[in-house]
Structure formats: structure tokens, C-alpha cells
Amino acid sequence: MERVRDLASKKAAVIFTKSSCCMCHSIMTLFYELGASPAIYELDKDPQGRDMEQALFKAFDSTQAVPAVFIGGRYVGSAKDIISLHVNGSLKQMLKESKAIWL
């Protein structure tokens, strides 16, 4: 989990994904459309990806490890959570507050 926290704190918006995950692709596309350029870590392409995936499962008691979204170094949630935040208008505000977007 230490590596996950370290990577999550290096940029305002960070998404842990898998290259084969369609919801991961959708969340990344949403961030790009909002004007953010998140750091993307594809766990299936990282040598330590399996360990990071297990850490995400354990740390956030989730049924799915990816996408795992961090904003401002804080875990925000998975696809369902991000979509809910977008629908209620708070995702964009969170991205602004963390300086992931400026407008």
C-alpha cells in the first residue's frame, strides 16, 4: 500500500487502471473531457501491479480494485463513486480544489 500512496500523492489526480477494463477507460475519458490530465497507472503493465491491486482491495474493502481514483492524494472511489460525483456536480469542484483543472 505504501507504493500506492506514494504514487497517488505525486499528482493532483491519479487513476489506477487495467488496460482491459472498459470502466477504467470511461473514467479516464471523463477526466480528460473535464480538462484534467491524471497520472494513469496500469496495474497489469506494472511489475508490482499485482501487489498494488491486492493492496487496493484490502485498503478500501472493495469488490473491484480498478479503477481506483485519487484526487489530491485522497482515495475518492471507483467508477460508481466517480460517476455519482460527476452527476451531482462535485467531481469538477474536487478537481478544481486539488488544482487538477483550472477552469
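This is a predicted model: local features need pLDDT of at least 70, side-chain atom pairs count only at pLDDT 80 or more; totals for chains, interfaces and linings use all residues.
Residues are numbered from 1 along each chain as its sequence is written, local features need pLDDT of at least 70, side-chain atom pairs count only at pLDDT 80 or more, and totals for chains, interfaces and linings use all residues. Side-chain values use heavy atoms, with hydrogens and water left out.

Helices (H or I, at least four residues) and strands (E, at least two) are DSSP runs numbered from the N terminus. Strand β1 spans residues 13-17, and five of its five residues are buried (under 20% relative accessible area; exposed means over 50%, partly exposed in between; 1.4 Å probe, protein chains only). A13, I15 and T17 point one way from β1. V14 and F16 point the other way.

β1 pairs (at least two DSSP bridges between the strands) with two strands, β3 and β2. With β3 (residues 68-71), the sense is antiparallel, over four bridges. There, A13 has I71 as its bridge partner. With β2 (residues 39-42), the sense is parallel, again over four bridges. V14 stands opposite A39 of β2.

Helix α4 covers residues 79-87 and buries A79, I82 and L85. Seen down the helix axis, the buried residues of α4 fall within an arc of 130 degrees (taken from the directions from the axis to the C-beta atoms), so they line one face. An α-helix has 3.6 residues a turn, so residues three or four places apart point the same way. K80 and V87, on the other side of α4, are exposed. The buried residues of α4 pack against α2, β3, β4 (74-77) and α5 (90-97), with contact meaning heavy atoms within 4.5 Å. G89 follows α4, with a positive phi near 90 degrees.
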